[in-house]
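Here are my notes on strand pairing and salt bridges. Please read them with the structure open.

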Amino acid sequence: MIYGVIDIGSNTIRMSVFKVVGKNARGLFSEKEQASLRNYFSKGKLSEKGIKRLIAVLNKFKYISDNFDDIDAVFPFATATIRDSSNRDEILKRVKDEVGFDIEILSEDDEARLSFIGASKTLDVSKGVLTDIGGGSSEIVVFDYKEVVESTSLKIGSLSAFEDFVKGLLVKESERKDIDKCVKNMLEDTKIKKKEYDTLCAVGGSARASLDLYNEFYNLKSSNIIMDRNKLRDMLDDIIDMDSRNTLDLIISVKADRIHTLVPGMIILIRIANYFSADKINVSRTGVREGYVYERIIGRE
């Protein structure tokens with residue numbers, strides 16, 4: 001069987017197509033659209049322009065799935081921005097009427113757990129802490145013997161941090177401090193216990209973009225999936241101190257579509273690693289979409 005999974009995030013909307021055989025899933029291809037829904041979020045709701053942007057992207061993905069004859073079913077799910085929207089019932093109805101998709105809203109706990117399940121398929125870690133830094137929220141999961149022990153969600157992500165704290169295109173040192181302080185305060189208020197871990201596992205677009213930039217900056221092989229926390233912080237220091245043109249050239253050469261969110265995402269990632277005293281950050285190429293397939297699709301068959 002072949003299934004499409006659409007991840008409607010605050011920054012990007014992604015459709016991944018998987019072939020499921022027995023209890024295993026294999027990714028076939030993936031499409032991404034930079035929707036930046038968080039930019040259309042104001043006074044607790046997604047604006048009309050935001051809803052139209054969402055519907056336009058979903059119609060594009062529906063066209064792809066309708067013309068890929070082998071796809072048996074498509075499962076769209078949404079995270080922080082739509083989850084937090086006071087008009088989410090209207091959004092779900094509009095999407096159903098105009099696209100034909102039934103969107104599942106993932107709770108904060110669901111999102112954290114599915115991110116862990118997806119990451120566990122590629123990271124050989126049985127005990128530790130994992131984070132998924134999205135556009136509008138950052139999930140944190142503590143796990144032991146590959147089982148979730150506790151989880152929480154911080155109301156800040158790479159795009160919301162940019163929107164709330166950054167005045168221009170690039171992050172200034174004072175803005176970096178403001179983002180870092182905000183995340184620090186959220187962590188101190190969270191129900192997650194402060195405990196030391198050797199390694200922080202990280203999933204999601206912000207983590208992958210940070211790793212790609214890290215590998216480019218330190219001239220490492222693209223296959224490297226581990227970042228040293230102190231070296232990541234040193235890289236961030238250098239990037240913020242760079243001439244703006246050099247910063248733009250560096251980020252554009254690696255992740256042009258994250259020119260405004262990559263640095264805010266790194267600031268959040270480093271603060272979370274600091275909170276758990278994790279010297280290493282292990283980045284998984286799999287996450288919430290793979291977790292959705294294994295729990296919601298394979299788990300129900």
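1. Strand 8 pairs with strand 11 (residues 199–203) in the parallel sense, over four bridges. T131 has A202 of strand 11 as its bridge partner. Bear in mind that this is a predicted model.

2. Strand 8 also pairs with strand 9 (residues 138–144), here in the antiparallel sense and over seven bridges. The two strands form a hairpin, with four residues between them. Within this pairing, D132 stands opposite E139.

3. How covered is strand 8? Mostly: of the seven residues in 127–133, six are buried.

4. Turning to salt bridges, the whole structure has 27. One of them joins R94 and E98, at 2.8 Å from N to O. Both residues sit in helix 3 (residues 88–98), four apart, so about one helical turn separates them. R94 is buried at 19% relative accessible area, under the 20% cut-off. E98 is partly exposed at 42%.

5. D110 and R113 form another salt bridge, with the closest N and O atoms 3.1 Å apart. They are three residues apart in helix 4 (residues 108–119), again about one helical turn. D110 is buried at 17%. R113 counts as partly exposed at 25%. This pair belongs to a salt-bridge network that also links E104, E295 and R296.

6. In helix 9 (residues 244–255), R245 and D249 are four residues apart, or about one helical turn. Their salt bridge has its closest N and O atoms 3.3 Å apart. R245 is exposed at 55% relative accessibility, whereas D249 is partly exposed at 36%.

Terms used:
Residues numbered from 1 in each chain as written. Predicted model: local features only at pLDDT ≥ 70, side-chain atom pairs only at ≥ 80, totals over all residues. Heavy atoms only, no water. Buried < 20%, exposed > 50% of the residue type's maximum accessible area, 1.4 Å probe, protein only. Pairing = 2+ DSSP bridges. Salt bridge = Lys/Arg side-chain N within 4 Å of Asp/Glu carboxyl O.
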